[in-house]
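Please read it alongside the sequence and the model.

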Amino acid sequence: MPKIIYPEHYSDEDKAIYDDLLSRGETLIGKKLSENERFLLDLSAKITINQLKNYDSGYTTDQINEMKKIHKEMANAGVIETPPECFYDDIIELSDGSTFRHPLSYPAEYYYDKNKEEPKEEVKEEVQNND
């Protein structure tokens with residue numbers, strides 16, 4: 001696990017919250033995280049703490065709107081690109097390389113047919129008392 005560098009303005013309570021959020025995130029994910037995944041978890045924890053404590057990013061509304069505008073222009077120009085092999089054909093690719101079809105890509109009938117199997121009857125042995 002890499003050494004954690006907390007933001008300078010974090011109190012001891014903020015650091016404890018950060019550590020707790022990271023630990024919970026790793027536990028919920030249930031697997032070893034890649035550096036990209038760890039970065040996103042780190043970012044999410046910091047955003048959560050900033051919102052919880054009302055920490056300001058230091059950016060004005062105009063600066064934020066300008067960043068959004070530039071991001072949208074870059075996306076429209078094709079500068080920002082999602083790797084197609086990870087997201088097409090309703091396939092989900094995990095960081096370990098395994099893939100599976102997205103559960104929501106199946107039609108409702110698929111799950112209906114899959115789940116309408118007749119319940120299996122349990123065979124109960126009757127105990128008879130011979131008095």
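The protein has 5 helices and 2 strands, where helices (H or I, at least four residues) and strands (E, at least two) are DSSP runs numbered from the N terminus; from that end the order is α-α-α-α-β-β-α. This is a predicted model, in which local features need pLDDT of at least 70 and side-chain atom pairs count only at pLDDT 80 or more, while totals for chains, interfaces and linings use all residues. Residues are numbered from 1 along each chain as its sequence is written, and side-chain values use heavy atoms, with hydrogens and water left out.

**Burial**
- Of the 131 residues, 9% are buried, which here means under 20% relative accessible area, with exposed being over 50% and partly exposed in between (1.4 Å probe, protein chains only).

**Salt bridges**
- There are 5 salt bridges, each defined as a side-chain nitrogen of Lys or Arg within 4 Å of a carboxyl oxygen of Asp or Glu.
- D14 pairs with K53, their closest N and O atoms being 3.5 Å apart; because D14 lies in helix α1 (residues 12–29) and K53 in the loop between α2 and α3 (61–76), the pair ties together parts that are 39 residues apart in sequence.
- D14 is buried at 0% relative accessible area, whereas K53 is partly exposed at 28%.
- In helix α1, R24 and D20 are 4 residues apart, about one turn, and their salt bridge has a closest N and O distance of 2.8 Å.

**Residue D42**
- D42, in helix α2 (residues 35–52), is buried at 17% relative accessible area and forms a salt bridge with K46, the closest N and O atoms being 3.4 Å apart.
- Leaving aside neighbours within four places in sequence, D42 is in contact (heavy atoms within 4.5 Å) with Y18 and L22.
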